[in-house]
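Here is a short note to read beside the model. Please keep the structure open while going through the points.

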Amino acid sequence: MEGEQNNSKGLVLFEPVDNRAGESESVPDPTGHWTSGVEYIRDFAVQCASCFKWRLIPTEEKYMEIREHINKHPFLCKTAREWRPSITCNDPTDIAQDGSWRWAFDKCSIPQPPPGWQRRMKIRSFRNTKYADVYYEAPSKEQLRSLADIHKYLDAHPLHIEDGVNLSQFSFETPVLEGIM
């Protein structure tokens, strides 16, 4: 497991533990869509390669940018100065693994979706091995759930291929859960 975490470079998506014991209510997900009784990724964090403290990332887009390039450009606290000008490794961690959060460690080097496309993750259950579904939302708002679906979509919409969209820009890998009982 230690090798897996080192391999992930400390990338994490996390969300709060639901303490409402089975209540189901409609809530907006980070994209503004409303879901009922479905948990969603609420925040994004990355671990500093120097001090190992967790830093919250302000947007999903920034998180995806960091995730895509983390192997070549390890995340450091000073990287967060883009959105927090005075942050240093001497500041306390932004979030701790204290049992009040569900942590899902993301794979590194997952590419950012092409312009106009969105990579979505829908949380099913934290009790199953496959707890989330990854899908892509095409510019037409069509939901594509596999590389085969994307291939068919690109064949039917060749302008995207002309714009440089290709299958290597998509990944259906889900994060690895940690700390769920």
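1. Salt bridges. The whole structure contains six salt bridges, where a salt bridge is a side-chain nitrogen of Lys or Arg within 4 Å of a carboxyl oxygen of Asp or Glu. The model is predicted: local features need pLDDT of at least 70, side-chain atom pairs count only at pLDDT 80 or more, and totals for chains, interfaces and linings use all residues. Residues are numbered from 1 along each chain as its sequence is written, and side-chain values use heavy atoms, with hydrogens and water left out.

2. Aspartate 94 and arginine 55. These two form a salt bridge, with their closest N and O atoms 3.2 Å apart. The pair links distant parts of the chain, 39 residues apart. Aspartate 94 sits in the loop between α2 (60–69) and β6, and arginine 55 in strand β5 (residues 54–57). Helices (H or I, at least four residues) and strands (E, at least two) are DSSP runs, numbered from the N terminus. Aspartate 94 is partly exposed, at 22%. The cut-offs are under 20% relative accessible area for buried, over 50% for exposed, and partly exposed in between (1.4 Å probe, protein chains only).

3. Glutamate 137. This residue takes part in a salt bridge with arginine 120, at 3.9 Å from N to O. Glutamate 137 is in strand β8 and arginine 120 in strand β7, so the bridge ties together parts 17 residues apart in sequence. Both glutamate 137 and arginine 120 are buried. Glutamate 137 also meets lysine 141 in a salt bridge, at 3.6 Å from N to O. Elsewhere, salt bridges with shared partners join Arg55, Arg84 and Asp94 into one network.

4. Overall layout. The chain has four helices and 10 strands. Their order along the sequence is α-β-β-β-β-β-α-β-β-β-β-α-α-β. Of its 181 residues, 36% count as buried. Contact means heavy atoms within 4.5 Å. Among contacts in the chain with a separation of 6 or more, 62% come from residues 24 or more positions apart. The chain exposes about 10,400 Å², and carbon and sulfur atoms supply 50% of that area. Accessible areas come from the Shrake-Rupley method with a 1.4 Å probe; for residues, only the protein chains shown count as cover.

5. Aromatic pairs. The search of the whole structure gives five. Rings of Phe, Tyr and Trp (its six-membered ring) pair if their centres lie within 6.5 Å; planes under 30 degrees apart are stacked, over 60 edge-to-face and the rest tilted. Tryptophan 117 and phenylalanine 170 are edge-to-face, 5.1 Å centre to centre with 70° between the planes. Tryptophan 117 lies in the loop between β6 (101–105) and β7 (118–123), and phenylalanine 170 in the loop between α4 (158–162) and β10 (176–178), so the pair ties together parts 53 residues apart in sequence.

6. A second ring pair. Tyrosine 136 and phenylalanine 172 are also edge-to-face, at 5.3 Å and 75°. Tyrosine 136 is in strand β8 (residues 132–137), phenylalanine 172 in the loop between α4 and β10, 36 residues apart. Tyrosine 136 is buried, at 0% relative accessibility. Phenylalanine 172 is partly exposed, at 23%. Ring pairs link Trp117, Tyr136, Tyr153, Phe170 and Phe172 into a cluster.

7. Valine 134. This residue lies in strand β8 and is buried, with a relative accessible area of 7%. Beyond neighbours within four places in sequence, its contacts include Arg120, Arg145 and Phe172. The C-alpha atoms of valine 134 and serine 146 are 8.5 Å apart, 12 residues along the chain.

8. Cysteines. How many disulfides does the structure hold? The count is zero, a disulfide being a pair of cysteine sulfur atoms within 2.5 Å. The sulfur of cysteine 51 is 3.5 Å from the closest cysteine sulfur, that of cysteine 89, which is too far for a bond. Cysteine 77 is in no disulfide either; its nearest cysteine sulfur, in cysteine 51, is 3.6 Å away. Cysteine 77 is buried, at 1% relative accessibility.
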